[in-house]
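Thanks for coming, everyone. I would like to take a few minutes to go through one model, starting with a single helix and ending with some backbone details.

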Amino acid sequence: MKALPAFRPALVPAPLSCIVLDGVCDLGRGYSVRNPPQFATAATALAGRFRKSGRPEGGDSAISIAFIEDVDIRHGEGYRLDASPDRIEIRASGAAGAFYAAQSIIQMELSGDGRIPCCRIEDAPRFSWRGFMLDTCRHFFRVEFILRMLDLAALHKLNRFHWHLTEDQAWRLDLVGHPELAGHGAFRLDRRFDVPVRMGGSYSVDDVRRVVSHAASLHITVIPEIETPGHAIALLASHPELACVRSGTAADVGSATDGIAADGIATDGIAATGFEPEDRYGIFEDVLCAGNDAVFDLLGDVYDEVIALFPGPWVHSGGDEVPKTRWLSCPRCLERMRKQGLVNPEGDPDPEALQGWFMGRVGQLLTGRGKRMIGWDELLEGEVGKDAVIMSWRGTCGGREAALAGHDVIMCPQTKACYLDHKHLDLPEEPGQLGVCTVRDSYMFEPEPAGLPAQARARILGGQANLWTELMYFGRQVEYMAFPRLCALSEVFWSPKESRDFEDFALRLENQHGRRLDILGVNRYRGPLY
Ligand SMILES: [Zn+2]
């Protein structure tokens, strides 16, 4: 192990460069902030933290903190920070850069008890996409918890929040035009008890506005995910008519069998089945019917409201884990495949091609509304526009293939890297599911696949940590799974590849950074890092 200088910034993620100078800047003497109006988010973040820490504002010997607009700082998210005994000067060209300088000061202030080592830091991120995803469908989390996670993400200079809002288990968005979606989809019966317990919740339009506006004040863009065409049973709970019509006899068909004609089509026009939000986890055969135009009408309505609520340029439309069994027995889907020529070389209906067609149509709905579609890497199995952004989750091969094909790519592989629902250690006592991913595994992840030509490499926008919450019932459990692996990934997404050093990260975590998380009350994992 290397020796750790007694007092150094020890930032996470590590900056591009940092020179430690003699002396200490003591915010216990008080502070005053001067900033141009366009850097207000940075000044607000600083003042908010200092107030919580009890640092006095003003006073004769106050440290002067000056934000200065400097167009020579080329990167909009970059900054230069000079801390001397009496003054901290921050130079940035963009508001985000000034904000990240403020986050660096906040980190130093937290772990140094108000004392900041005199230093010069020059900093800018490696990747433009530094994301984290929270699944609020398997379990529901209050807006207050989401705001807290956003604060913690901003402290680590993350800038994208992917909000997983619809699933088999829940539809969380309470939309004005379609109240039935959350009305039937936001709660489910937890059947583990002798008397089933109703569990869940939804986000109102005001809740969403609070999250989006708080995120914006932290320079975080929120990306809503509306899952299609699979993982949609909670949607089918209010719109069973959008499920596939199943062929065969009434006995083959779900629970609601009244009024079913011999061909399986319900006589009232509603698919002959009842749905309720799933209380099991997995991949379910009932998906949105690709042969029913009403599916796209509803999605269009949903997108109209979604784009009014989420000002960012992207909407995530899922596209993963779609079983094709229903489509292959649904007269409408078979008809769609015939009409669209979605057949394999033998001339048989090709449900994989139908999936591509479906996602292509979803992409058009979004493009027509001025948004870009993001989807999981299954999108590559069909024809989607080059404008679609691919999230590579089943390893990094999908991302590599997508980048070579001209798609922008976000890397979030489940393979010992970005899936924070995996266990920290291979021990029965550790919570988690589906795999093991140590802090070191996350830290060693490299988002750019080896050997990509420069043009394709430029397509890798960055990476993302994903928090699937099947086994996370409460926010405090989410924190345990997220930290410190999210700290490790923030360094993967921000810091230069050449300067990444796991031993040094472990030292920073063990000392200053762990202390910061403790002061903020983060329920972090404290076991071995590998
Ligand atoms: Zn169908």
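Predicted model: local features only at pLDDT ≥ 70, side-chain atom pairs only at ≥ 80, totals over all residues.

Let me begin with helix H1, which runs over residues 40-53 and has 14 residues. The buried residues of H1 are Ala42, Ala43, Ala45, Leu46, Arg49 and Phe50. As for what covers the buried residues, the cover includes strand S2 (31-34), strand S3 (63-69) and helix H2 (95-111). Just after H1 comes Gly54, which takes a positive phi of about 75°.

Now to the domains. The domain assignment gives domain 1 as 17-123 and domain 2 as 129-237 together with 275-498, and the centres of the two, taken over C-alpha atoms, are separated by 36 Å. How many residues does each domain bring to the contact? Domain 1 brings 7 residues and domain 2 brings 5 residues. On the side of domain 1 that touches domain 2, H2 gives the most, with 6 residues, and the residues of that side divide into 4 nonpolar, 3 polar and no charged.

That leaves the backbone. Most residues other than glycine have a negative phi, and most peptide bonds are trans, so exceptions deserve a look. A cis peptide bond joins Val12 and Pro13, with omega about 0°, and Pro13 is found in the segment before strand S1 (17-26). Another cis peptide bond joins Thr228 and Pro229, with omega about -20°, where Pro229 has its place in the loop between strand S11 (221-228) and helix H6 (233-236).

Two lysines have a positive phi. For Lys157, in the loop between helix H3 (143-155) and strand S8 (160-164), phi is near 65°. For Lys416, in the loop between strand S15 (409-411) and helix H12 (439-444), phi is near 45°. Are these residues buried or exposed? Lys157 has 26 other C-beta atoms within 10 Å and is therefore buried, whereas Lys416, with 16 other C-beta atoms within 10 Å, is partly exposed.

Note on methods: Residues numbered from 1 in each chain as written. Helix = DSSP H or I, 4+ residues; strand = E, 2+ residues; numbered from the N terminus. Expected span 1.5 Å × (residues − 1). Buried ≥ 20, exposed ≤ 12 C-beta atoms within 10 Å, placed from the backbone. Contact = placed C-beta atoms within 7 Å. Domains from an automatic or database assignment. Nonpolar A, V, L, I, M, F, W, Y, C, P; charged D, E, K, R; others polar.
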